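Here is a short briefing on one protein chain. Please look over the sequence and the structure before reading on.

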Amino acid sequence: MKKLQPILLPALFIIFLSCKNEHSDNSITIKDFRKSLQPFLHSVVAKGWVTYHDSAQIKNITDEELTRLTRSENPVLRATALREMLDRTSFNHFDIVMNHLSDTAMIVVDVGEFGAQFITVSDYILQDATWETEAAREKTIEAVLTKHNYLQSAYNILRTLEPQEKYYPYVKDIAMRTMPENTNNLNTVKFRDIEYALYGLAKFRKKEDIPAIKNKLSEHIWEISDISFRLMQEFPDTAYLDVLQTYHRQEFYHFSGNRPYGFSGFHSDNASPENFIDALVVQQNESSAELLDTILTTLPKYTCMPDRGNIIRAVIMAIFEHPCPAYTTLRNKIAPKAKEMLKERIITPFVIDSVPPASSTTKRKIHWFS
């Protein structure tokens, strides 16, 4: 845990500032608990961050004590108690989540090899909770989007949530929020959050939203990640060509070599050249053809660009796999190389071991991103 030590003091400061939230009854102190439990509670607070406990000490805390601990004045203790409650079958997990959606105190969570995560107590329990039915999860989603859409969970659920007209006004409001000038505040909206909302808004395929989405992306060219490119790839419009051209001019050739983790799991703050290429090639017009040709001509000159050879190959295959009148000349130009690349592809047969179907008695765990 040495990796977390440099953030301990700032974390404690944040927690001190975050102790007040919408709960007015968070007045329980450590001294209100039995003496034998107090050393453990003090040790949790002293660490300054939330981590998973699987010790006899926390397992010996009674359900009644855990319930009281969720009203602690210290958010680290509240989060620790809620996490343990979600591990116990003696609690109604749905009620736990729904009754603590307004706990906006910031905490620091140990996320293993990823370091530390600054998050609200409410977001913490949402990302760790499970629901017994899709209907129960839907009720939670509705509560978050309509009543607690300041939470980070309201933004990131939009990357997987299918568009529903009843949510449209809320999704648009979230997507169009103004970014605060002071982005150093850990509890403020970041562009990475806005990207999820923009993607969620684009799913509704409303033509009138495209200019606003384009403007948001244009204002943050240096920040757009794989999510924004996925938006432009899956919901293409000629309006996004300006965004792509600007990105090409300002950011494309500055690729660091770090590719995003993927669309699920932790959100990546960067994009790969392939993300850009996939979004550009679906434009299928003269302007995108010209830009693709420019990339093919320019990339060989960037000898220090990481993975340059594979990026060039990605451009060639993208053009080859998207036949259209606008790409006719380009396809003729890259045809020999594309055919050569196709010949290099080796199809290796493999055997899939038969896996017995899951038992019908096994309950499926439904998570926030299920």
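Predicted model: local features only at pLDDT ≥ 70, side-chain atom pairs only at ≥ 80, totals over all residues.

The protein chain has 18 helices and two strands. Of its 370 residues, 49% count as buried.

**Overall fold**

**Nonpolar core**

- The largest nonpolar core has 109 residues.
- The residues with the most contacts inside this core are Ile107, Leu145, Phe229, Met232, Phe252, Phe276 and Leu299.
- Helix H11 (residues 191-202) gives the largest share of this core, with eight residues.
- Phe229 is in contact with Ile224, Leu244, Tyr247, Ala271, Asn275, Phe276 and Ala279, leaving aside neighbours within four places in sequence.
- One of these partners, Phe276, is also listed among the residues with the most contacts inside the core.

**Helix pair H14 and H16**

- Helix H14 spans residues 241-250, and helix H16 spans residues 286-298.
- Their axes come within 11 Å and cross at roughly 15 degrees.
- Angles under 35 degrees count as roughly parallel, so H14 and H16 are roughly parallel to each other.
- The crossing of H14 and H16 is left-handed.
- H14 makes the contact through Leu241, Leu244, Gln245 and His248.
- H16 makes the contact through Ser287, Ser288, Leu291, Thr294 and Ile295.
- The residues of this contact divide into four nonpolar, five polar and no charged.
- Leu244 of H14 takes part in this contact, and Leu244 is also in contact with Phe229.

**Buried arginine**

- Arg137 sits in helix H8 (residues 134-147).
- Arg137 has a relative accessible area of 7%. Buried means under 20%, so Arg137 is buried.
- Beyond neighbours within four places in sequence, Arg137 is in contact with Trp131, Ile157, Ile366, His367, Trp368, Phe369 and Ser370.

- Arg205 is not a glycine, yet has a positive phi of about 55 degrees.
- Arg205 lies in the loop between H11 and helix H12 (210-219).
- Arg205 counts as exposed, at 62% relative accessibility.
- Asp307 is not a glycine either, and has a positive phi of about 60 degrees.
- Asp307 is placed in the loop between H16 and helix H17 (308-320).
- Asp307 counts as partly exposed, at 31% relative accessibility.

Key. Residues numbered from 1 in each chain as written. Heavy atoms only, no water. Axes fitted to C-alpha atoms, helices over the stretch in contact; angles between N-to-C directions. Helix = DSSP H or I, 4+ residues; strand = E, 2+ residues; numbered from the N terminus. Parallel < 35°, antiparallel > 145°, perpendicular 65-115°, else oblique. Left-handed = near helix turned anticlockwise from the far one by under 90°. Contact = heavy atoms within 4.5 Å. Nonpolar A, V, L, I, M, F, W, Y, C, P; charged D, E, K, R; others polar. Buried < 20%, exposed > 50% of the residue type's maximum accessible area, 1.4 Å probe, protein only. Core = buried A, V, L, I, M, F, W, Y, C linked by side-chain atoms within 4.5 Å.
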